[in-house]
Each structure stands twice: as structure tokens, then as C-alpha cells.
Amino acid sequence: MYKAAKWILAIAGAVVVLIAIAVIVLTMLIDVEKYKPQIEQQVAKATGRTFTLGGDLKPSFFPWIGIRLSDLHLGNPAGYKEKDFISVAALEVRVKLLPLLSRKIEVKRFVVNSPRIVLEKRKDGRGGWEDIGKPAEKAAAPAKEQPDTAAKNALPIKQLMVGEFSITDGKIVWLDQTTGTRKEINDISLALTDVSFDKAIGVAFSALADQKRVQLKGTVGPMGTRPGKSPIPLDLAIQLLDQVDTRVAGRIDPSAAPLTFDLSISIAEFSPRQLITRLGGKIPLEPADAKALNAVALSFKLNGTPERVVVSGGKFKLDDAHADFSAQAGEFDKPNLKIDLQLDRIDLDRYLPPPAAEKTGAGMEKKPEASAPAPKTDYSPLRRMVLDARVRAGALKVKNARMQDIEVKISARNGMIRLDPLSLKMYTGNVTATGTVDVQKDQPATSLRLALNGIQAGPLVQDLMAKELIEGALAAKIDLNFIGDAPDAIRRTINGKGDLNFNDGAIVGIDLASMVRNVQTAFGLGQKPKEKPRTDFAELLLPFTITGGVFKTDASKLNSPLMRVLAAGSADLTKETLDFRVEPKFVATIQGQGDTSQRAGLMVPVIVSGTFESPKFKPDLAAILKQPLPDKEALQKMVPSKEKIEEDIQKLIPPKDQTQEKILEGVKGLFKGLPLGKE
């Protein structure tokens, strides 16, 4: 037995030696260069492109069978600026010979040096990558017999091992003749380690995109003895410009029908500002807060199939704001979306551009030059979309207005987008709203219903407009509808109605009592008050309608314990003009709510005109002259005594003024002419 084994080993060794000698002799005797034209012809025939091998062919046979090629060129068709579609400086492949006999592949080297791929588009829009190879003239006839399933799924190899797999110094060029643009990705390198069926394959990729470094490192696999027939784990880390670190971990199962995936994706905190700066760009709309967009982070789980995707456990950070979210997407041709977002707080004013500086003087009078009409918005994607979304926020600030406990539900079907409901709290009150946006036609049609209760109007207006206009607790019901998506179109088409009810407040900046007092206002003897004028009220009711962009009210009322005022008129929202008449209903005394001094005077109507930006107020003297005067006793009760008037005038005119006596005498003469009796 021992001698037989010795003879077998001796014979096997002799065979190996003979094979080695034969391979060496073959490499010395065979001229492989003469096969270059045949190789070039076969590649050209298969691709339909010119192919050349400029360098030498250097084969090896034992123990590694392999070949080294250099200066490879696969050409572009006629009409392209770049001659080559693909070029490779050198390609080397070495495979161990003996394991091939048992369907085992051991690759010592697979190295590609300086590959260059040019993706060029001609002026007619045709790409150089199109129509590589010749299409079959006839469709292949169906096989009469189906192959055995096991044989079909079996790999032609049992084992794979690769010692070195690398691509170095690669380049991809994008050239678009239609736009004249050229982009390059340079310094492409790819290295795979531990390439086998039963181990995780190490991946290291690097490239320069517009001279900006992109790196990917991680592992893929193991692939299993039947690649594509079992789940593939992966764990990859992607780095952009040493700024953005992204990790993708999980698995992909190509054996399922359709393919399934279950991944965890996370983006570590980074600064978008620094990233944009490194990319050589500029933030399109610079936020008002220079410290905004300095911290962003994102993480979520992604699973599903190419036809349906589920996002769960999502977390998002934007500076000091944090959000949890989940989503589902399917039927991507529509698409069909479900979204749930919960935000703790956010100050949107930080991310909006700062307000433009107001122009003064002549610059305010100049009208902006007419600009070309904006292109029409394509609403067809919204008509197909199916959406169910819920958004909640603990606190929100926008345009300096502050809101809390916001909840919004939005749905969309067949071009009808519904807001039902929106609810929030603000300024000690609450707001609810419902609405629809119909995009079934070219111009969206919007309807909105609002209900407000207990809103403190003073702080709200102060925050929104930085002005003191009105105070009081606001309750309102408003129904509006309009057509269009541009401000001008909305103002022209807006229609609706509503009621505004202010309680226990004041109109700030207007003293109606002074405006309708004929002695101190109508005759110009009033003294500018030290405090800001205001009209206090117990209740202010403003019922209104809007028709074609014109706001109209016929029975607005201001009630206070000492004054009743009616107002009627209109405001053109398109022209931004005012036309109102404010009329006192009756006056027992003109002491206003919250006033500490007794006032006196005759009440006359006030006309409000001008524009939204510059309203004008004036007493309607002509109207008061047309009205019948009350009887003597009633009028005497409304008008104070001469002594009181003289006392008030003395307070209004500085002492020792030379005009004091003249003004006093003029007033005395004025009252002598009135039908009030003797002095």
C-alpha cells in the first residue's frame, strides 16, 4: 500500500512538472500578438463600435492563467466630439489553473488601471451609450423544454476567492452638447477585499466630484453559495467632504419576488452652512438668522419593496427643533402617501429671508415695473396624488406670530385637497379651520372656513405688524373662497362673509370722540395729546361681506358705556383703497371708557378715505349742517357752559401767548352766533 501511494505521488508530481514545462515552452513558442486583430474584430462585432488594443498582450499560464492588456479603446459612433466611449490604460486578470477543474475560482489579481468613460450627448439628444451592440434581428424562439429548476439555479462554480480586486485612477466625463455643459468625476478608486461566497466583502470607494471628495467604506455580504438566492447583509458608511457621514445598514433580499429590503439609515449631525461653503455655493435665500442651518441630523428605518416603501422611527433635527416622523409610499405613478409628523417647536422666522428695507421719499411712489407673467403651474401630479397626512407641532413662530398645540390633517383624492381640521392655540384663544383646494382645473379653487375664539388682538397685531391698531378679545367666524394661486388673482376673485367681534378693547391711534368734537377738532383748536390717541369700547361688531375683492360692511357698531358709533363702507382689496363713514349714534356725555377727565363737544360723522398705507380721516361738516338741530334744552345739556369752555381753552393755549386773547375772543364770538340763548 505504501509503495502504491509513493508511485501515485511520483506520477502526479511528474505530470505537474510536465505541465509546467509545457506551459513554459508554449509561452516561448506561441506568438499571441498575432491574435490581436482577431480579438479586436470580435469585440467590434459584439459592440458595434471600433475597438483597438494598442499595447502588448502578456499572457501567463501556470500556476496562474492570466493575461495583461494595455491601451484599450472602445470608440464612439460618428458625430461625437470625444473619440472614445471607454478607454483603459491597463487590465490584468490572473486565475489559478488547477482549481478550475473542480469548479473553484481563485483569482489572484483583477486590476483595472485608469479607466475612462465618456457619457456624451449630441445636439440631437442622442447619447453615446445608446445602441451598444446590435439587436437581434428576430425574437428568440421559446424553448420547447424548460430546464431543470435545480440545474438552472445552480452556479457553474462552487467556490470563489479573489486576492486583489481594484480599480484605480478612474474617470467619468459627462458632456452635453445640447447645453454645452461638462462635468467630471475624477480619481475614482474601488477596492474589494475578502471576496468570497462565505465572507463579508470589504468595500472601499473614493472619488472626486467637482474636486470634492466622496468616500464609501463598509461590507457587503456574505453572498452565500447561491448569490441572489438569499438575503445579502450590508453595512456601509458614506462620507462627503469630511462633513456628512451617512451610514446604511441592513439587508437586501433579491430572492423575494419582488425584491425586499430592510435598512437603517442615519446621517450624523452636520452643518449645512459649512457644507454649502465647501461646495463653493451660496444659500439661495439667506435666512434672517445667521446662526440658522448650522445643525442637521436625520435617522430612520426603511423597508419594503420597489413598489411600496415604509419609513418608520424617523427622527429629524434642525438646529434646536426636533421632529419624529413616519411615512408610507406606494403606487409611485400616483403616488399614494401617508405621513405622520410630530414637531416639538420651530421658529420659521429664523429661516425666512429678512424683510426688505422700506423705501422712503420718491422711491415709495414709483410703481414696480411690469414683469412677464409667471408660467402656469402644472397641477397634474396633485390630481393623481393620494395623500393622508397628519402634522402636529408643540410651538410655532412665523411672521413673529406665536402659536401652540397645532394639529393639521390633510387628505387628497382625485385633485381635491382637504384640510379637515386645523386647530391651534394662540394669544390665550384658539383657532379652528377647515378648507378645500380643488386643482381639477387649471386654476385652483380654494374655500376656507375659520372660527376664532378669545384671541387677544392687541398682542397679535403688535407681533404681526409691529403696530398698535386694535385691542380686545376677538371672536370671529369667516367663510372665504377664491380662485387662483397668485396674490393678484386671489384679491380679484375673493368672495365670502364673516363676523368679527371684539370685546373690552380699544381702537389705537384714533380718537373718535375728538374727531367728532366740533370745537377742538373741526375748528382746529385741538392740542396734540401727549399719549397716543385711542377709542375705548366695550364691544365692536364688524359683520362683512367680500364680493369680487371688495370688502363691505353695512352695520359695524362700536358700543361703549358713553358712546355709540355706527360704521359703513367698503375697502377695495385690489386697489387698496378705503371708503368708510363713521357716524355717532347718540352721545349723553363724551367721557370715554377709561377716561379720567370730562370732555364736551358736538358729535359729527367722520369720513375715512385714502389707502391702506395712508388712511385719511376728516369730519363730515356738510352732513351735520343738513341735520335738524335738537331743541334748546337738549342741546344745552350736551354743550358745556362758557366758563367750562374758557377753562378748557386756557389749558390748551400756553400762558402769556400773544394769540391767546384773540383766540378766546374768537371762540366767544362763535358761541354768540349759535341758537343757545344769551351768554
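Is T246 buried or exposed? T246 is buried, with a relative accessible area of 16%, and the cut-off for that class is under 20%. The structure is a predicted model.

T246 belongs to strand β12.

Strand β12 covers residues 244-253 and is joined to β11 by 9 bridges, with the two strands running antiparallel. In this pairing A237 stands opposite R247 of β12.

## S312 and the F300–F325 pair

S312 lies in strand β15, which spans residues 308-318. At 28% relative accessibility, S312 counts as partly exposed. Not counting residues up to four places away in sequence, S312 touches F300, K301, N303, F325 and S326. The C-alpha atoms of S312 and F325 are separated by 7.1 Å, and the two residues are 13 apart along the chain.

## Aromatic pairs and a charge over a ring

A pair of aromatic rings is described by the distance of the centres and the angle of the planes. There are 4 aromatic pairs in the structure. One of them is formed by F110 and F165 and is stacked, at 5.0 Å centre to centre with 10° between the planes. F110 is in strand β5 (residues 104-121) and F165 in strand β6 (residues 159-176), so this pair links distant parts of the chain, 55 residues apart. F110 is partly exposed, with a relative accessible area of 28%, and F165 counts as partly exposed at 21% relative accessibility.

F300 and F325, both touched by S312, form an aromatic pair that is tilted, with 6.5 Å centre to centre and 50° between the planes. Because F300 lies in strand β14 (residues 296-305) and F325 in strand β16 (residues 321-330), the pair ties together parts that are 25 residues apart in sequence. F300 is buried, with a relative accessible area of 18%, whereas F325 is partly exposed, with a relative accessible area of 21%.

Another ring, that of F85, has R49 lying over its face, at 5.6 Å from the ring centre.

## The largest nonpolar core

In soluble globular proteins, nonpolar side chains tend to be buried together. The largest nonpolar core here has 53 residues, of which L424, M426, I455, F502, L540 and L558 touch the most other members. Strand β23 (residues 470-483) gives this core its largest share, 6 residues.

What is L558 in contact with, leaving aside its neighbours within four places in sequence? The contacts of L558 are I507, T535, D536, F537, E539, L540, M563, R564 and V565. Among them, L540 is also named with L558 as one of the core residues that touch the most other members.

Technical notes:
Residues are numbered from 1 along each chain as its sequence is written. This is a predicted model: local features need pLDDT of at least 70, side-chain atom pairs count only at pLDDT 80 or more; totals for chains, interfaces and linings use all residues. Side-chain values use heavy atoms; hydrogens and water are left out. A nonpolar core is a set of buried Ala, Val, Leu, Ile, Met, Phe, Trp, Tyr and Cys residues joined through side-chain atoms within 4.5 Å. Buried means under 20% relative accessible area, exposed over 50%, partly exposed in between (1.4 Å probe, protein chains only). Helices (H or I, at least four residues) and strands (E, at least two) are DSSP runs, numbered from the N terminus. Contact means heavy atoms within 4.5 Å. Two strands pair if DSSP finds at least two bridges between them. Rings of Phe, Tyr and Trp (its six-membered ring) pair if their centres lie within 6.5 Å; planes under 30 degrees apart count as stacked, over 60 as edge-to-face and the rest as tilted. A charge sits over a ring if NZ of Lys or CZ of Arg is within 6 Å of the ring centre and within 35 degrees of the ring normal.
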